[in-house]
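Please read this briefing with the sequence and the 3D view side by side. It starts with the whole chain and then turns to two residues.

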Amino acid sequence: MTSAELLTDAFDRIREEVHAAADGLTPELLAFRADPEANSIAWLLWHLTRVQDDHVADVAGTAQRWTSDGWADRFALPLDPSDTGFGHGPDEVASVRVDSPDLLTGYHDSVHAMTTEYVAGLTDADLPAVVDRAWDPPVTLGVRLVSVVSDCLQHAGQAAFVRGLAERG
């Protein structure tokens with residue numbers, strides 16, 4: 001298995017978990033929060049996709065799907081188009097509301113397509129390249145992509161957990 005195949009498999013797993021967490025949910029269930037300070041399913045899935053979109057587009061040197069493909073307009077959230085959800089408090093979390101799980105999975109599928117197209121072309125020699133000097137040590141492409149995978153899988157798992165709470169409540 002090559003690095004590109006490994007990364008593709010990891011991002012495919014994220015996509016599967018996003019679909020499993022969202023499919024068939026009503027707007028009320030997507031907005032469910034375990035308590036007023038907690039993240040909703042919609043927010044978790046939107047945020048993980050925004051982070052993937054932002055981070056992968058940056059390293060790939062492409063435009064984010066959020067803006068370039070009109071997803072920001074379709075979601076019509078009361079947030080700045082550059083917002084990825086980082087640092088959101090309860091009010092911002094509550095503002096991420098969607099009418100259909102298809103909106104979340106559609107956006108994720110668009111980002112997934114961009115991501116897997118990009119990682120499919122990577123070689124082992126590409127991964128040590130420094131992509132962010134703002135950290136000490138500087139962040140390499142390999143570390144950035146693994147970080148995105150980790151963050152996305154954590155949030156997808158959280159969304160699945162919150163779904164379980166919502167469906168039982």
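The points below are grouped by topic.

This is a predicted model. The protein chain is built from eight helices and two strands. Along the sequence, these elements come in the order α-α-α-α-α-α-α-β-β-α. The radius of gyration is 16 Å, close to the 15 Å given by the globule rule for 169 residues, so the protein chain is as compact as a globular protein of that length.

**Overall dimensions and packing**

- Along the principal axes, the C-alpha atoms of the protein chain fill a box of roughly 50 × 35 × 30 Å.
- Of the 169 residues in the protein chain, 48% are buried.
- Among contacts in the protein chain with a separation of 6 or more, 73% are between residues 24 or more positions apart.

**Surface and charge**

- The protein chain has an accessible surface of about 8,400 Å².
- Carbon and sulfur atoms account for 53% of that accessible surface.
- There are 28 negative side chains and 11 positive ones in the protein chain.
- The centres of these two sets of side chains lie 3 Å apart.

**Leu45, a residue in a helix**

- Leu45 belongs to helix α3, which covers residues 41-60.
- Is Leu45 buried or exposed? The relative accessible area of Leu45 is 1%, and buried means under 20%, so Leu45 is buried.
- Apart from neighbours within four places in sequence, Leu45 is in contact with Val18, Ala21, Ala22, Leu104 and Ala159.
- Ala129 is 84 residues from Leu45 along the chain, and the C-alpha atoms of the two are separated by 29 Å.

**His88, a residue in a loop**

- Where is His88 found? His88 sits in the loop between α5 (71-75) and α6 (90-95).
- His88 has a relative accessibility of 17%; this is under the 20% cut-off, so His88 counts as buried.
- Which residues does His88 touch, leaving aside its neighbours within four places in sequence? His88 is in contact with Trp43, Trp46, Leu79, Asp83 and Val93.
- With one of these residues, Asp83, the side chain of His88 also makes a polar contact of 2.9 Å.

**The two residues together**

- Leu45 lies in a helix, while His88 is found in a loop.
- Leu45 is buried at 1% relative accessible area, and His88 counts as buried at 17%.

Technical notes: Residues numbered from 1 in each chain as written. Predicted model: local features only at pLDDT ≥ 70, side-chain atom pairs only at ≥ 80, totals over all residues. Heavy atoms only, no water. Helix = DSSP H or I, 4+ residues; strand = E, 2+ residues; numbered from the N terminus. Rg over C-alpha atoms; globule rule 2.2 N^0.38 Å. Buried < 20%, exposed > 50% of the residue type's maximum accessible area, 1.4 Å probe, protein only. Contact = heavy atoms within 4.5 Å. Areas by Shrake-Rupley, 256 points an atom, 1.4 Å probe, with all protein chains shown as cover. Lys, Arg positive; Asp, Glu negative; His and termini not counted. Charge placed at Lys NZ, Arg CZ, Asp CG, Glu CD. Polar contact = N/O pair within 3.5 Å; in protein donor to acceptor, adjacent residues only side chain to side chain.
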